[in-house]
Amino acid sequence: MEKKAEKKRIVLVPFPLQGHITPMMQLGQALNLKGFSITVALGDSNRVSSTQHFPGFQFVTIPETIPLSQHEALGVVEFVVTLNKTSETSFKDCIAHLLLQHGNDIACIIYDELMYFSEATAKDLRIPRVIFTTGSATNHVCSCILSKLNAEKFLIDMEDPEVQNKVVENLHPLKYKDLPTSGMGPLERFLEICAEVVNKRTASAVIINTSSCLESSSLSWLKQELSIPVYPLGPLHITTSANFSLLEEDRNCIEWLNKQKPRSVIYISVGSIAHMETKEVLEMAWGLYNSNQRFLWVIRPGTESMPVEVSKIVSERGCIVKWAPQNEVLVHPAVGGFWSHCGWNSTLESIVEGVPMICRPFNGEQKLNAMYIESVWRVGVLLQGEVERGGVERAVKRLIVDDEGVGMRERALVLKEKLNASVRSGGSSYNALDELVHYLEAEYR
Ligand code: UDP
């Protein structure tokens with residue numbers, strides 16, 4: 001009897017932070033549904049119980065080169081640089097072992113753009129390689145522009161207000177001052193990463209978790225500038241249910257939401273990395289309390305703590321959890337708004353549920369997303385300057401109580417429809433996934 005051909009295998013290399021692992025696992029699930037076998041290469045500290053939600057997937061370990069205790073102290077930029085400098089050998093061993101196991105059945109290595117060390121191994125072992133960008137297309141455009149300006153020694157001109165206020169060519173409304181450099185540590189170090197990220201080396205395609213209905217001009221720019229195919233196939237979380245949570249989700253908040261009135265609650269989360277100062281937490285708590293609205297607030301373990309003087313009054317109107325099942329929260333009818341740090345996943349998740357946002361970004365990429373949320377898609381308000389209780393109260397009321405919030409919700413619902421259409425048969429993201437699948441099959445032959 002003829003041996004049944006094994007499915008082609010794809011090796012995924014996510015960057016080990018929640019906002020990167022989640023979309024990579026969603027991509028894995030989407031490709032698995034298209035018939036590919038999936039192997040995920042993770043560091044030891046990411047081998048959490050969530051792997052059990054992916055019974056058909058193989059998980060392999062890339063031995064970690066940076067002790068877990070140092071991850072946070074290094075900061076993201078330094079962590080990326082160090083990880084890439086130190087991981088190549090252990091990754092090569094890991095893939096060589098996989099080749100022994102699966103022979104030549106590895107169709108491709110798909111690596112997070114921040115795991116650029118993967119490319120050398122894939123090339124040496126003659127395995128096709130594709131890059132996955134988990135941020136927005138516009139952020140990727142900005143990395144390209146920053147890298148180019150830096151190489152041409154033009155960055156210095158950025159201090160000039162005239163240059164700062166110029167719109168980047170063909171990318172209205174993006175201005176030079178919006179290029180996402182703030183909050184990313186020393187500029188030279190950040191530019192070093194931008195240069196690595198935009199250098200496609202021998203990768204043969206780029207996948208982006210976005211949709212052309214959100215970022216058409218940035219995607220056109222990338223398709224024109226990059227010499228390799230670009231596949232915008234998001235938002236991936238609409239069509240896949242992959243849940244790879246590094247922290248345990250507290251589901252009690254859903255019961256609490258069940259008891260609240262429709263669209264009366266503001267959900268607050270600053271993602272998996274950002275920290276708020278205690279002073280800001282205090283001002284926010286008072287602002288929320290004074291707004292008379294209910295709120296569900298995620299305060300991660302080991303981060304900002306609720307000052308004792310407000311924790312009691314806050315618990316009268318709010319529910320505080322360490323980690324929430326965010327997608328379930330956003331889809332809940334009681335949720336009327338999202339106070340967000342504007343990470344790209346949170347942005348997509350909020351728009352897909354038609355939930356307007358209060359934008360309180362921390363760093364450059366989040367600021368860029370916030371600008372799009374407020375000025376391009378017009379589904380949120382940006383809270384600038386110091387956080388103080390009066391401003392918080394006003395922002396919450398604008399979103400939940402005033403007509404302005406109704407307009408934002410209406411626009412978010414229109415976008416929601418467009419995004420859903422883009423992942424349905426014949427839609428742009430649906431087609432991009434199909435094109436990627438054909439491309440991977442052709443690469444494999
Ligand atoms: N998230 C979650 N529960 C929480 C807070 C966040 O599941 O209580 C998820 C959220 O749904 C998103 C991810 O964590 O998928 C955060 O990614 P994002 O890109 O928004 O921000 P980052 O954490 O990378 O700054």
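Two residues are in contact if their C-beta atoms, placed from the backbone, lie within 7 Å of each other. The legends below concern a predicted model, in which local features need pLDDT of at least 70 and side-chain atom pairs count only at pLDDT 80 or more, while totals for chains, interfaces and linings use all residues. Residues are numbered from 1 along each chain as its sequence is written.

**View 1. Gly43 and its contacts.** Gly43 belongs to strand S2; strands (E, at least two residues) and helices (H or I, at least four) are DSSP runs numbered from the N terminus. Leaving aside neighbours within four places in sequence, Gly43 is in contact with Pro16, Ile62 and Glu64. A residue is termed buried if 20 or more other C-beta atoms, placed from the backbone, lie within 10 Å of its own, exposed if 12 or fewer do, and partly exposed in between. Gly43 counts as buried because it has 20 C-beta neighbours inside 10 Å.

View 2. The ligand is surrounded by 18 residues, a residue being near a molecule if its C-beta atom, placed from the backbone, lies within 6 Å of it. The closest are Gly19, Gly271, Gln326, Gly343 and Ser346. Helix H1 (18-33) and helix H14 (344-352) each supply at least two residues of this shell, and H14 gives the most, with four. By class, the shell has six nonpolar, eleven polar and one charged residues; Ala, Val, Leu, Ile, Met, Phe, Trp, Tyr, Cys and Pro count as nonpolar, Asp, Glu, Lys and Arg as charged, and the others, Gly among them, as polar.

**View 3. Helix H14.** Nine of the nine residues of H14 are buried, among them Trp344, Ser346, Glu349 and Val352. Just after H14, Gly354 takes a positive phi of about 65°.

View 4. The 15 residues of helix H3 (residues 88-102) should span 21 Å at 1.5 Å a residue, and the end C-alpha atoms are 21 Å apart, which agrees; the expected span is 1.5 Å times one less than the number of residues. Phe91, Ile95 and Leu98 of H3 are buried. They cover an arc of only 55° around the axis, which puts them on the same side of H3; the arc is that of the directions from the helix axis to the C-beta atoms. The buried residues of H3 pack against strands S1 (9-13), S2 (37-43), S3 (58-62) and S4 (106-112) and helix H4 (118-124). The face turned away from the buried side carries the exposed residues Thr89, His97 and Leu100.

**View 5. Backbone exceptions in loops.** Most residues other than glycine have a negative phi, and most peptide bonds are trans. In the loop between helices H6 (161-164) and H7 (187-198) lies Pro173, joined to His172 by a cis peptide bond with omega of about 5°. Asn170 is placed in the loop between H6 and H7 and has a positive phi of about 65°. With 12 C-beta neighbours inside 10 Å, Asn170 counts as exposed. A cis peptide bond also joins Gly234 and Pro235, with omega of about -10°. Arg263, in the loop between helix H10 (252-258) and strand S8 (265-269), has a positive phi near 55°.
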